[in-house]
Amino acid sequence: MSLIEEIDFGTPASKSEAMVTLTIDGKEISVPEGTSIMRAAMEAGHQIPKLCATDMVDAFGSCRLCLVEIEGRAGTPASCTTPVMPGLVVHTQTERLKKLRKGVMELYISDHPLDCLTCGANGDCELQDMAGAVGLRDVRYGYEGENHVFAKTHGCDNDHWMPKDESSPYFTYDPSKCIVCSRCVRACEEVQGTFALTISGRGFESRVSPGMNESFLGSECVSCGACVQACPTATLTEKSVIEIGQPEHSVVTTCAYCGVGCAFKAEMRGEEVVRMVPYKDGKANRGHSCVKGRFAWGYTNHGERILKPMIRERIEDPWREVSWDEAFSFAAAKMRGIQKTYGRDAIGGITSSRCTNEETYLVQKLIRAGFGNNNVDTCARVCHSPTGYGLATTFGTSAGTQDFDSVEDTDVVLIIGANPASAHPVFASRLKKRLRQGAKLIVIDPRRTEMVESPHVKALHLPLMPGTNVAVMTALAHVIVTEGLVNEAFVRERCDWSEFEEWAAFVSQPKNSPESTAILTGVDPKVLREAARTYATGGNGAIYYGLGVTEHSQGSTTVIAIANLAMATGNIGRPGVGVNPLRGQNNVQGSCDMGSFPHELPGYRHISGDAVRDQFEALWNVKLNPEPGLRIPNMFDAAVEGTFMGLYVQGEDILQSDPNTSHVVAALSAMECVIVHDLFLNETANYAHVFLPGSSFLEKDGTFTNAERRIQRVRKVMTPKNGMADWEVTIGLARAMGFEMNYSHPSEIMDEIAALTPTFAGVSYAKLDELGSVQWPCNEKAPEGTPVMHIDGFVRGKGKFVVTEYVATDERTGPRYPLLLTTGRILSQYNVGAQTRRTDNVIWHSEDRLEIHPHDAEQRGVRDGDWVRLKSRAGETTLRAEITDRVAPGVVYTTFHHPDTQANVITTDYSDWATNCPEYKVTAVQVSPSNGPSDWQKAYDAQARQSRRIVPAEAAE
Amino acid sequence: MSPDRLIYMANQIGKFFQSQGHDKAVPGIAEHIKKFWDPRMKRAIFAHLDAGGAGLEPNVREALTSLKQATSLRAS
C-alpha cells in the first residue's frame with residue numbers, strides 16, 4: 001500500500017466538446033477548448049513547475065513559476081492563464097525559462113524559513129518540491145533584510161512577523177511560512193463559498209487574513225479544510241500532522257456523517273489515522289469536505305467508547321462486563337424467552353442508518369428470518385419515510401432523481417425545509433458555486449437560514465408558518481396552472497392525463513390561491529407568485545428538500561405536492577432538474593433500500609407479494625410472515641400496552657432522537673430486553689439490558705448509499721477496537737438465537753443482496769473497486785448505474801398526479817401555548833451529537849439554544865443568554881435563549897444535538913398520516929424565564945448517571 | 001393497542017383521501033391500512049369497529065368494514 005495522490009492538473013477541466021490540437025515539448029496533444037497550457041502539458045505527461053495553481057480553483061497567474069515559451073509569441077506567458085490554441089508549439093523547459101524560474105524561486109526562499117527538517121509539511125511541501133524542480137542551489141540575498149520569518153531582526157521586534165494562529169482546534173496558521181499564493185483565499189471563495197479569507201495589504205505587506213485580521217476561530221471560517229488542503233506550504237497545516245508526522249499509506253473510504261457521502265482518503269501511519277483528506281475523484285464531493293468529515297473523527301478513539309460487551313438483569317443494576325459469548329447467550333435467552341411468553345411478534349429490531357448496507361441487510365434478515373416477524377424499522381421512520389411513500393406513489397421509486405453533479409446544469413433551485421449550509425455542507429458549497437454563476441434560488445423555510453443570505457447569494461425567501469407546507473406548495477401549483485405555465489407536452493407524454501386534469505382543477509380552486517392561503521401560511525402572495533413563475537419558466541428547475549418537508553402531519557402529502565410540481569413543469573428526467581431529498585444520515589438511503597421498513601423487503605417490494613417472498617424464502621430457507629410489522633412509534637405503543645417486549649437496536653439512539661421522550665421512556669422501561677449495539681453508552685442504553693459494543697466506520701468493510709443513490713465503499717483501515725465489526729456482532733447474536741448465518745466477508749453479503757434485489761443486480765465489490773461508485777439501479781439495463789432517473793418515462797409507467805388537500809395539524813397554538821417551536825441542525829454538530837460532541841467540534845456549539853424573535857422575547861422579559869423554560873403539552877425543559885430576527889414573531893427554534901437539553905421532551909406524538917413519521921417541526925409551546933434545569937432534566941440526569949455504572953470483568957485466571 | 005390512537009390514525013388517513021371523493025377514498029383508505037398496519041393494530045381497530053366504531057369517520061368506517069370482510073374471507 002502507498003499514499004494515494006491524485007494528479008493535480010493545475011487548472012480545472014474545460015467542459016467544452018470542441019477539441020484543440022497543439023504541440024507541447026514535441027508531443028502532439030488534443031484537449032478541450034478552453035484548457036490551459038498548464039493542464040494540457042500535464043495531460044501530455046509534462047509537469048510545469050507551479051505554486052499558485054491547483055486544479056480545485058481557477059487560474060490566478062501570480063507565482064510566475066509556470067512560465068512557458070510559445071513559438072512565434074513574444075515573452076514568457078504563464079501557462080496557467082494561457083489557453084490552448086490550435087497549432088501552438090509550446091516549450092516548457094528552455095535555458096531562458098530555467099533561469100527565470102530559478103530567479104523566482106530564489107526570491108521566494110529568501111523570505112522563507114529554512115527549518116525544513118523540523119517543519120510539519122516536511123515531505124509534503126510544494127515549495128520544497130519546486131525548489132528541487134528548478135534546481136535552486138543558492139540564495140544570494142541573505143536573511144538580513146526585511147522579512148516575515150524572524151520575530152526579531154537586529155535585536156528589535158520585526159513588525160512584519162506574525163505569531164502562529166493556533167485558535168482552530170484542527171489546524172494552525174503560520175504566517176511566517178506564507179508565500180501569498182492566495183490558494184487558500186480562492187479555495188474559501190470558489191470551493192467552499194464562505195469568503196472568510198482575503199489578502200490584506202499590498203506588496204510586501206500582503207497577508208492572508210481571516211475576516212478583518214481576526215483569528216481563524218474568531219472569523220467567519222467554517223473550518224471546512226479547503227484552505228488547508230490548498231496550501232502548498234506549512235502555512236496551514238493539520239494539527240494532527242504536526243503532532244504525528246506525515247502519513248505513509250492511504251485508503252479511500254466514505255464519510256460516516258451526512259447523506260452527501262463524501263469520499264475521503266484516510267491517510268494513515270500503521271493503524272493510526274493521521275488525517276482525513278477529501279478524495280478528488282469522489283463523485284459526490286469532488287474533493288471538498290466539511291468540518292465534520294474532515295476533522296471530527298476523534299470520536300472513534302474517544303475514552304468513553306465502550307469496547308467490552310456488558311449485560312444486566314435490571315436497568316437499575318450496574319453494567320457487568322462479560323465475554324462476547326456470554327453477552328450473546330444472555331441476549332438470545334431473553335429474546336427467545338419473551339417470544340415463548342408473549343408470542344412470536346413480541347420482539348423486533350431497529351436497523352442503523354449509520355451502519356453499512358451489508359450490516360443493515362443482516363439485521364433485517366435476522367428479524368424477518370430469525371425472529372420470524374417483520375418488526376423491523378429504521379431511523380428513516382423519523383426522517384424520510386414520507387419520501388419513500390410520496391415518491392413511490394407519484395414516480396414509482398423511493399429515491400432522489402439526480403446526482404449532485406446535476407446542480408451544475410440547474411437554473412432555478414427551490415429549497416424547501418432544508419438548510420444544506422448546515423446539514424449538507426458539501427452539497428451546499430456545490431450549489432452556491434452554481435448560484436454565483438447566476439442560477440436563481442428560492443427558499444421556503446420558516447427561518448432565515450444560512451442559505452437565504454450568504455456571500456454573493458440572495459434567495460427569494462418565503463418565510464411560511466410551520467405546518468403550512470402543503471398550502472404553500474398547492475398555492476405554487478395554483479399559480480402555475482392558472483397562469484398557463486404548465487408544460488403540457490411533458491404532462492401529456494409522461495403522465496396520466498386524466499389524473500392531471502383532476503389535480504389541475506383542484507389546485508385552480510380559488511381557495512388554493514396565494515391570496516386565499518396567505519392568512520394560513522403568512523407568505524406574501526406577490527412573493528409566492530414570483531417564486532412560482534421563476535420555478536416554472538426560469539429554465540432547469542430543481543427541488544431540494546429535507547426534514548422540514550417530511551417531519552409533519554402532512555409530510556407525505558408535501559412530498560407528493562413537490563412531485564406534482566416537478567411533473568407539471570416538466571422538471572424531471574434530465575440533468576439539472578428533478579426532485580432531490582437531502583438525506584440526513586450517511587446511509588439512510590441504503591438502510592431503506594435494504595428492506596429496513598416493516599412492510600418492505602430489500603428493493604422496496606411489499607412483504608405481501610408472494611413471488612418476492614418466495615425468492616427470499618428459497619435463499620434463506622425459512623417461511624416468511626406476509627403481514628407488515630410494527631413501525632417504531634407502533635413498537636412504543638405496543639410496548640406500553642404489553643405486547644412488544646424485546647428490541648435489538650443497532651446504531652440508533654431512539655431515546656434522544658424520537659419525539660415525546662417520556663412516552664419513549666415508558667415504552668423502553670416496559671420492555672424486558674433492550675439490546676443496544678453502539679459505540680457509546682447512548683441515552684437509549686440507560687434503559688438497556690445488553691450492550692454490544694460497535695465498530696466505527698474506520699474499522700470495517702462495507703458500503704454506504706448516499707442521497708444520490710450512490711453506492712460507495714467503506715474500507716477498513718484498522719482492526720476493530722471492540723474486536724468485531726458490526727456485521728460479525730449481528731451474526732453472533734443470530735447464531736446464539738439458533739439462526740445460522742455464514743459470511744466470511746461483507747462482499748459475500750453484497751453478492752446476496754445483488755442476487756435478491758433487481759436494482760442492485762449489477763453491484764459487486766469488484767465493480768465498485770473498478771468504477772469507484774455506482775448509482776442504483778445498476779443492472780443489465782444500466783451496468784454502470786443510473787445518474788439521472790425517469791429519463792424516458794417514470795419507473796411506475798405514467799407519472800401520477802395526486803390531489804393534495806391542506807389539512808391543518810392538530811398541534812395548534814392557543815392562549816397557553818402561543819408560540820410554534822421548530823427544530824433544525826447546526827454545521828458543527830451532527831444529529832443527536834453522539835459523535836460530534838466527542839470531538840473538538842464542541843468549541844463551536846457547546847449547548848443548544850432557543851432562537852426567539854425580539855418581540856416575543858421582550859413580551860416575556862427574556863434577555864439574550866437568559867435561561868428560559870420551554871413548555872409544550874408533552875413536557876418541559878430549559879435552555880438558554882438567543883434573541884434573533886432569523887425567526888419570525890410567533891416562531892421559536894432550537895437544535896437537538898445535546899441530550900441535556902432534551903428538545904424531544906417537548907415534541908409530541910403527532911405524526912405523518914401515511915408513515916407515522918413524527919411531527920418534529922411543529923410544536924405549540926410557551927416560553928418563560930427560568931432559573932435553571934427543570935425537574936425532568938434533574939431526574940433524567942440522575943437516572944442516566946445511575947444507569948451508566950460499570951463493574952469491570954474479573955481478571956482471567 | 002389503544003383504540004383512541006388507532007382511531008386518530010385511521011381518521012388522519014381518511015382526511016388525505018377525502019378530497020379524492022368517496023369512490024376513490026374508501027378503497028384508498030382500506031389499501032393503506034392493509035399495506036402498513038401490523039396485524040395487532042388491524043385486530044384492535046376491527047374490534048373497535050365491532051364494538052360500534054365510535055369516532056370513525058364515515059369513509060374510514062366503510063373502508064375498515066370492507067377490509068375486515070376481505071381479511072376474514074382470505075383467512076377462511
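1. Which domains does the domain assignment of chain A give? In this predicted model, where local features need pLDDT of at least 70, side-chain atom pairs count only at pLDDT 80 or more and totals for chains, interfaces and linings use all residues, the assignment gives domain 1 (19–133), domain 2 (152–301), domain 3 (322–383 + 587–760), domain 4 (391–581) and domain 5 (819–946), with bounds that come from an automatic or database domain assignment. Residues are numbered from 1 along each chain as its sequence is written, and chains are lettered from A in the order in which they are written.

2. The centres of domain 4 and domain 5 of chain A, taken over C-alpha atoms, are separated by 28 Å. In contact (C-beta atoms, placed from the backbone, within 7 Å) are 19 residues of domain 4 of chain A and 23 residues of domain 5 of chain A. By class, the domain 4 side has six nonpolar, 10 polar and three charged residues, where Asp, Glu, Lys and Arg count as charged, Ala, Val, Leu, Ile, Met, Phe, Trp, Tyr, Cys and Pro as nonpolar, and the others, Gly among them, as polar.

3. Helix H13 (residues 469–482) and helix H15 (residues 497–508) of chain A pack at an angle of about 105°, their axes being 8 Å apart, which makes H13(A) roughly perpendicular to H15(A) (angles of 65 to 115 degrees). The residues of this contact divide into four nonpolar, four polar and no charged.

4. Between the chains, the contact takes 20 residues from chain A and 18 residues from chain B. On the chain B side, the largest share, six residues, comes from H1(B).

Definitions and conventions: Axes are lines fitted to C-alpha atoms, for helices over the stretch in contact, and angles run from 0 to 180 degrees between N-to-C directions. Helices (H or I, at least four residues) and strands (E, at least two) are DSSP runs, numbered from the N terminus. Angles under 35 degrees count as roughly parallel, over 145 as roughly antiparallel, 65 to 115 as roughly perpendicular and the rest as oblique. Two residues are in contact if their C-beta atoms, placed from the backbone, lie within 7 Å.
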